[in-house]
Amino acid sequence: APAQVVEADLCIFGGTSGGIAAAVQAARMGKTAVIVNPTKYLGGLTTGGLGATDIGNKRAIGGIAREFYGRVWKHYQRPSVWTRQKREEYANRRGSANDPAETTMWTFEPRVAEKVYLQLLAEAKTPVFLEQRLQSVTKVGPRITAITMENGRVFRAKMFLDATYEGDLMAAAKVDYHVGRESTATYNEEWNGVQVGVLHHRHHFGAVKTPI
């Protein structure tokens, strides 16, 4: 049988939170997108168990990210979903990151995160292909025009986005990259790596300049 060819404006390799957000945004801009995921699970760390969001100033979070947390909040407004703990006990517990006055929720179960992501993708009418392992990349000059999977399926698009944690698509496309924690001189960066003396969520960039 001939290999299946899938075409879209944007091909996103990697079904992480960033990849899903990119697909949703593309659809809202009138573009077609497709998600090609190497594993059988969507959502990356967010649906894989990291349900306690590391946040500082919640007002600084907006866009599709805040919409996600808003939908999580709506899910937990239903009393029927509280099967392990009473909602009042959770809201009043010490160290809770959730403000009762807000319409967002920052702690959630992995299955709830997955449900929200699937809702967003369904609304965006984004096709999702799971367990698609990359075999080769086709380029015209510096631009990727198609990627081929080990199963023979081909994805063609005007633009490709590597939304994986590993960066396999970028590596296969021969994009320059650096392995490990580079020095500040490698890319002439000022705020890379660990910054000694810069307090988490508290220090203003520029107030302290401590090179590694």
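Helices (H or I, at least four residues) and strands (E, at least two) are DSSP runs, numbered from the N terminus. On that basis the chain contains 6 helices and 6 strands, and along the sequence they follow the pattern β-α-β-α-α-α-α-β-β-β-β-α. The model is predicted: local features need pLDDT of at least 70, side-chain atom pairs count only at pLDDT 80 or more, and totals for chains, interfaces and linings use all residues. Residues are numbered from 1 along each chain as its sequence is written, and side-chain values use heavy atoms, with hydrogens and water left out.

**Overall burial and contacts**

- Of the 212 residues in the chain, 37% count as buried; buried means under 20% relative accessible area, exposed over 50%, and partly exposed in between (1.4 Å probe, protein chains only).
- Among contacts (heavy atoms within 4.5 Å) with a separation of 6 or more, 62% join residues 24 or more positions apart.

**Packing of helix H1 against H3**

- The axes of H1 (residues 17-28) and H3 (residues 63-75) come within 10 Å and cross at roughly 105°; axes are lines fitted to C-alpha atoms, for helices over the stretch in contact, and angles run from 0 to 180 degrees between N-to-C directions.
- The two helices H1 and H3 are therefore roughly perpendicular to each other, given that angles under 35 degrees count as roughly parallel, over 145 as roughly antiparallel, 65 to 115 as roughly perpendicular and the rest as oblique.
- H1 contributes Ala 21, Val 24, Gln 25 and Arg 28 to this contact, and H3 contributes Ile 64, Glu 67 and Arg 71.
- By class, the residues of the H1 contact with H3 are 3 nonpolar, 1 polar and 3 charged, where Ala, Val, Leu, Ile, Met, Phe, Trp, Tyr, Cys and Pro count as nonpolar, Asp, Glu, Lys and Arg as charged, and the others, Gly among them, as polar.

**Packing of helix H1 against H5**

- H1 and H5 (residues 110-123) pack at an angle of about 25°, with their axes 9 Å apart, and are therefore roughly parallel to each other.
- The contact involves Ser 17, Ile 20, Ala 23, Val 24 and Arg 28 of H1, together with Tyr 117, Leu 120 and Leu 121 of H5.
- The contact of H1 with H5 comprises 6 nonpolar, 1 polar and 1 charged residues.

**Nonpolar cores**

- The largest nonpolar core has 29 residues, and those with the most contacts inside it are Ile 12, Ile 35, Phe 68, Val 72, Tyr 76 and Phe 108; a nonpolar core is a set of buried Ala, Val, Leu, Ile, Met, Phe, Trp, Tyr and Cys residues joined through side-chain atoms within 4.5 Å.
- At least two residues of this core come from each of strand S1 (5-13), H1, strand S2 (33-36), H3 and H5, and H5 gives the most, with 6 residues.
- Another core, of 16 residues, lies apart from it and includes Ala 8, Ile 144, Ile 147 and Met 149.

**Individual residues**

- Thr 46 is placed in helix H2 (residues 44-47) and is buried, with a relative accessible area of 17%.
- Beyond its neighbours within four places in sequence, Thr 46 is in contact with Ser 17, Phe 68, Phe 108, Pro 110, Ala 113 and Tyr 117.
- Glu 131, in the loop between strand S3 (128-129) and strand S4 (134-140), has a positive phi of about 55° although it is not a glycine, and is partly exposed at 42% relative accessible area.
- Lys 174, in the segment after helix H6 (168-172), is a residue other than glycine with a positive phi near 65°, and counts as exposed at 67% relative accessibility.
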